[in-house]
Amino acid sequence: MISLAELLQAVTAYDPDFDRDPVQRAYTFVQKKHSGQTRASGEPYVSHVTEVALLATRLQLDSSSIVTALLHDTVEDTGVTLEHLSEEFSPEVASLVDGVTKLNKINFSSQAEKQAENFRKMLLAMAEDIRVLLIKLCDRTHNMRTLEYLSESRQLRIASETMEIYAPLAHRLGINWMKSELEDLSFRFLKPKIYMDIRESVATRKEERENYIERTSSLVTRELEQNNLSGEVTGRPKNFYSIYRKMDLQGLVFEEIYDLIAFRIITDSLMDCYATLGVIHAAWKPIPGRFKDYIAMPKPNGYQSLHTTVIGPEGSRVEIQIRSQEMHDIAERGIAAHWAYKDSQEGRPTEIKDAARNSAQFAWLRDLVESESLHSDPVEFMSIVKEDLFPEEVYAFTPAGELLAFSSGATPIDFAYYIHSEIGDHCLGARVNGQQVALDYQLQNGDTVEVITSRSQHPSKDWLNIVATSKAKQRIRAWLKNQEQSKSVSVGKELLSRDLKKIKFNYNKLYKSGEVEAASESMGYGDVDSMLSEIGHGKIATDDVIVRLLPDEKDLDDKLTGEETAIQKIFNRAARAFGERASVKVNGINDVVFRFAKCCDPLPGDEILGFVTRGRGVTIHRRGCSQAMSYDKRRIIAVEWDDKVQSFRRIRLQVLSLDKIGILAAMSHCISNGGANIVSAQVAASPDGKAVNTFEVKVENSSQLEIIKNSLENLEGVIKVERHKIKKEEV
Ligand code: MN
């Protein structure tokens with residue numbers, strides 16, 4: 001237990017002129033009043049109030065505040081009256097104890113209206129005298145430290161209230177150490193498993209990390225000394241809850257958090273902060289976008305510092321905060337340090353209670369209390385209060401009155417996903433405070449949100465631009481990915497079935513017989529779905545698949561012996577003309593009439609298919625030609641080029657070139673060098689200095705054409721080479 005001597009030593013350490021007498025009397029008073037009372041931990045009750053008083057000295061509070069810290073539970077727990085305290089100590093102390101007692105009765109885990117009312121009370125108390133809240137925060141800190149002795153249900157209630165209300169308040173008042181401690185203590189009870197995991201991860205590599213901190217700190221110190229700067233360098237792991245928040249927000253595992261350790265350099269003056277930053281940036285490469293000047297632009301709670309991240313001495317990222325001693329004190333002690341510095345010239349300030357009123361830093365509190373909002377409807381009031389207290393967050397209620405916190409900018413979709421991913425996936429809109437709103441409505445503090453769902457509603461890409469929470473983003477992305485895959489598969493299947501149907505094939509039959517799978521395997525796909533998905537995405541054409549699904553020649557022959565329809569008669573006649581051979585040498589057989597299809601105009605060397613036509617012999621198409629695929633598959637006949645017979649095909653080449661002297665001659669050279677004869681050539685100049693050259697050329701096969709096209713394309717001045725159809729000429 002904290003002895004009186006310890007307590008007095010703590011107060012005189014920051015204020016030698018401290019009024020010790022009331023503290024001594026209060027210490028004796030509570031020993032007597034709380035005697036016989038014990039805490040859940042089994043310790044004497046008075047140990048709690050002395051600890052709270054010691055915490056209050058850490059905030060460097062004044063004599064009345066320390067006395068109040070000691071007396072804060074007497075009215076509620078020992079039956080002492082306010083009048084008695086007023087006589088025994090002072091009216092000021094009595095009023096402070098009254099404030100703390102009232103705050104103690106506030107229960108934040110209640111319905112909206114009650115919660116609003118409670119907030120109103122707390123704010124009034126804060127504005128009335130900020131010391132009430134500071135003592136309350138010390139009380140809560142000690143209660144959190146001893147929370148393990150309470151029942152599990154009370155642990156959860158108190159921990160979540162601390163996380164939602166008191167830690168943000170400590171943050172808003174700029175008391176960093178208390179905010180961190182309250183967060184970690186709440187975190188421990190709210191998410192015990194994750195807390196333990198992180199604590200263990202931090203502990204296991206303690207020695208390694210301390211060595212690293214030691215090495216880095218001494219290197220930084222030496223660098224500063226060489227530049228005649230005397231900053232004090234320290235490094236320590238961040239608090240567990242901020243590590244968790246980082247992991248959670250960025251979806252990282254513990255090992256991926258590179259800035260686990262925050263290095264801090266405390267300088268002698270503001271100017272030294274910038275000089276130190278210059279030295280650090282000269283010695284180690286800063287990471288762009290990570291430098292923040294909170295000295296020039298302090299955070300709303302008054303926090304000042306320079307933040308930077310550099311590639312440190314050992315090649316890993318090092319996060320460094322640079323601040324003066326004064327800034328450091330303000331960062332750690334917040335409002336308490338603020339008044340200490342503000343009035344340091346005039347000696348120890350006595351009017352701490354007015355700090356909240358007089359300081360620009362707490363203008364938000366003053367404005368709030370003085371505004372009409374205090375008298376407005378509780379829900380509206382609540383929204384205004386929470387907005388001011390927790391500016392980065394928005395609070396909304398479920399219809400059952402449960403209060404949920406979101407990043408500001410959150411929409412009904414964020415709300416829906418928070419409740420359940422199924423509700424999010426089917427979120428159609430919401431009724432906010434009874435009014436129907438659109439999906440992109442931005443939740444306002446105090447809104448009561450009732451999500452409207454529909455089975456037919458699904459997430460869309462647009463939702464990603466609307467939502468504000470990472471939880472919603474993750475779920476939407478997962479849904480879209482899943483959906484895209486199954487959608488492209490079904491589109492692919494539909495396209496393939498449709499094109500197969502045109503040539504009288506049935507997808508389902510081919511699938512059941514295993515032929516679709518065989519085709520997908522032959523194309524190198526692991527399964528049919530991946531192949532269908534590629535079709536759906538347009539990465540491969542249905543024709544590429546269909547050519548692999550066509551029956552081989554033997555099947556076709558079998559069909560020829562069946563019942564003769566009109567078309568089969570033609571087919572059979574042609575087949576007889578082709579003799580017994582399953583394949584036809586196109587260029588080698590003179591008695592078969594064939595022609596080259598206009599649609600794809602195949603050249604010797606191309607892969608080809610023959611189609612038997614009514615009275616016009618066989619039309620030769622390129623394999624995979626989409627028009628050919630739409631014909632009756634029973635008319636397909638296998639054909640191949642007869643390499644032994646040399647023949648020439650007339651084709652037309654159109655060359656777009658610059659209109660310059662000599663280019664036509666150069667192009668003609670290319671063509672004749674490629675072994676082809678030019679039948680005709682035409683040149684048409686265009687007004688923009690270009691020329692369209694049309695050549696009719698006799699070529700032997702497709703590879704010869706490719707060579708000619710390539711050499712034309714490589715000519716200087718040639719822009720584009722295209723093969724065009726010859727309209728009247730066929731063979
Ligand atoms: Mn207490």
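Author: What follows is a set of questions about a predicted model, each answered by setting a value against a definition.

Reader: What makes H48, H72, D73 and D139 the protein donors of the manganese ion?

Author: A donor has to be an N, O or S atom within 2.8 Å of the metal. The atoms concerned are NE2 of H48, NE2 of H72 and an OD atom each of D73 and D139, and they lie 2.2 to 2.4 Å from the ion, so they meet that limit. Along the sequence these residues follow the spacing H-x23-H-D-x65-D. Because H48 belongs to helix α3 (residues 46–58) and D139 to helix α9 (residues 130–145), the pair ties together parts that are 91 residues apart in sequence.

Reader: How do you know whether H48 is buried or exposed?

Author: Buried means a relative accessible area under 20%. H48 has 1%, and is therefore called buried. D139, with 3%, also counts as buried.

Reader: Why is the contact between R131 and D62 called a salt bridge?

Author: The term requires a side-chain nitrogen of Lys or Arg within 4 Å of a carboxyl oxygen of Asp or Glu. The closest N and O atoms of R131 and D62 are 2.9 Å apart, so the contact qualifies. R131 lies in helix α9 and D62 in the loop between α3 and α4, so this pair ties together parts that are 69 residues apart in sequence. Both R131 and D62 are buried, and together with E92 they are linked in a network of salt bridges.

Reader: What are the values for E319 and K238, which also form a salt bridge?

Author: Their closest N and O atoms are 3.1 Å apart. Since E319 is in strand β6 (residues 317–324) and K238 in the loop between β1 and α14, the pair ties together parts that are 81 residues apart in sequence. E319 has a relative accessibility of 12% and therefore counts as buried, and K238, with 19%, is buried as well.

Reader: What makes E722 partly exposed?

Author: Partly exposed covers the range between the buried limit of under 20% and the exposed limit of over 50%. E722 has 32%, and so it is placed in that range. K720, its salt-bridge partner, counts as partly exposed because its value is 42%.

Reader: And why is E521 called exposed?

Author: Exposed means over 50%, and E521, which is found in helix α26, has 52%, so the word applies.

Technical notes
Residues numbered from 1 in each chain as written. Predicted model: local features only at pLDDT ≥ 70, side-chain atom pairs only at ≥ 80, totals over all residues. Heavy atoms only, no water. Helix = DSSP H or I, 4+ residues; strand = E, 2+ residues; numbered from the N terminus. Buried < 20%, exposed > 50% of the residue type's maximum accessible area, 1.4 Å probe, protein only. Donors = N, O, S within 2.8 Å, 3.2 Å for Na, K, Ca; no water.
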